Amino acid sequence: MFRKRGPRMNDDQNKTGPQDADTTPDTENIKFDASPETETDNMQEDAETASFPEMDENMLGQVQEMMDKLQRAEDLEKENADLKLKLGRLASDFEGYRTRTQQDVAAAQGQGVSKAAEALMPVYDDLDRALSMGGEDPAKLIPGIQAVQSKVLSVFAGLGLEATGREGEVFDPQWHEAIQVVPGDENDLIVTVYQLGFRMGDRLVRPARVVVSRKG
């Protein structure tokens with residue numbers, strides 16, 4: 001009798017040996033060598049470090065001091081420029097102020113002269129009338145001249161001038177000039193006036209020229 005044979009297995013199915021070992025490469029323990037570029041950079045850094053030796057504290061202090069001086073010089077230069085700018089502005093302002101002051105003084109002087117001349121015009125008119133009247137009647141000349149003299153003194157008083165050195169006043173060398181000394185009953189008394197003096201407050205405008213008495 002013949003037995004039925006089961007299906008024939010091929011050779012691949014008959015191989016039932018142990019599973020093959022894992023052949024995946026271990027990348028964790030693999031060390032990669034540095035690239036040529038990295039090695040070149042490291043060599044350059046080493047060369048630069050070797051070319052500059054370490055500085056001691058004294059040298060570092062000198063370098064810091066020099067840097068501070070340079071910074072201070074820059075600050076001073078900036079301050080100098082600012083001061084020059086301010087000085088230029090002040091000079092310009094002062095020049096403008098001086099010009100305005102000169103103009104104001106000139107205007108004030110012109111106005112003062114105009115007022116003085118205007119005040120003296122009536123005196124001229126009175127003197128002109130006195131001379132006209134004196135030509136017709138000489139006896140009227142003296143009163144006319146005296147009236148003119150009084151008006152002139154009034155004009156001077158209006159300008160702030162005060163007459164000094166009249167007869168009978170006590171001689172004062174601050175305001176009077178003695179041109180002659182004559183015997184008299186009292187000392188330092190003005191007995192004759194050659195030229196009337198004028199002052200403006202505490203300022204002498206013209207000294208009076210007088211004759212002074214002196215006890216013999």
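Me: Where does UniProt put the "coiled-coil region"?
Reply: The unreviewed UniProt entry places that feature at residues 66–93. UniProt positions are given in the numbering used here, feature names are shortened, and annotations may be inferred rather than shown by experiment.

Me: And what is the chain doing over residues 66–93, helix or strand?
Reply: Residues 66–93 are 100% helix and 0% strand, with the end C-alpha atoms 40 Å apart. Helices (H or I, at least four residues) and strands (E, at least two) are DSSP runs, numbered from the N terminus.

Me: Before I go on, what should I know about the model?
Reply: This is a predicted model, where local features need pLDDT of at least 70 and side-chain atom pairs count only at pLDDT 80 or more, while totals for chains, interfaces and linings use all residues. Residues are numbered from 1 along each chain as its sequence is written, and side-chain values use heavy atoms, with hydrogens and water left out.

Me: OK, how many helices and strands does the chain have?
Reply: There are 4 helices and 6 strands. From the N terminus on, the order is α-α-α-α-β-β-β-β-β-β.

Me: What share of the chain's residues count as buried?
Reply: 10% of the 216 residues. Buried means under 20% relative accessible area, exposed over 50%, and partly exposed in between (1.4 Å probe, protein chains only).

Me: And the accessible surface of the chain? What does it come to?
Reply: About 18800 Å², with 54% of that belonging to carbon and sulfur atoms. The areas come from the Shrake-Rupley method with a 1.4 Å probe, and for residues only the protein chains shown count as cover.

Me: Switching to α4. How many residues does α4 have, and how far does it reach?
Reply: α4 has 18 residues and reaches 26 Å from its first C-alpha to its last, close to the 26 Å expected at 1.5 Å a residue. The expected span is 1.5 Å times one less than the number of residues.

Me: Which residues are buried in α4?
Reply: Gly-144, Val-148, Val-152 and Val-155. Looking down the axis of α4, its buried residues fall within an arc of 80 degrees, so they line one face of the helix. The arc is that of the directions from the helix axis to the C-beta atoms.

Me: Why would residues three or four places apart point the same way?
Reply: Because an α-helix has 3.6 residues a turn.

Me: Which residues are exposed on the other side of α4?
Reply: Ile-142 and Gln-149.

Me: What follows α4?
Reply: Gly-160, with a positive phi near 95 degrees.

Me: How many salt bridges turn up in the whole structure?
Reply: The search finds 4, each being a side-chain nitrogen of Lys or Arg within 4 Å of a carboxyl oxygen of Asp or Glu. Among them is Asp-126 with Lys-151, at 2.5 Å, N to O. Asp-126 lies in helix α3 (residues 57–136) and Lys-151 in helix α4 (residues 141–158), so this pair ties together parts that are 25 residues apart in sequence.

Me: Is Asp-126 buried or exposed?
Reply: Asp-126 counts as buried at 16% relative accessibility, while Lys-151 is partly exposed at 32%.

Me: What about Glu-162, which side chain does it meet in a salt bridge?
Reply: Arg-199, at 3.5 Å, N to O. Glu-162 is in strand β1 (residues 162–164) and Arg-199 in strand β4 (residues 197–200), so to speak distant parts of the chain, 37 residues apart.

Me: And Asp-188, what does it form a salt bridge with?
Reply: Arg-214, with the closest N and O atoms 3.6 Å apart. Asp-188 lies in the loop between β2 (176–184) and β3 (189–195) and Arg-214 in strand β6 (residues 208–215), so the pair ties together parts that are 26 residues apart in sequence.

Me: What's the phi of Asp-188?
Reply: Near 55 degrees, a positive value in a residue other than glycine. Most residues other than glycine have a negative phi.
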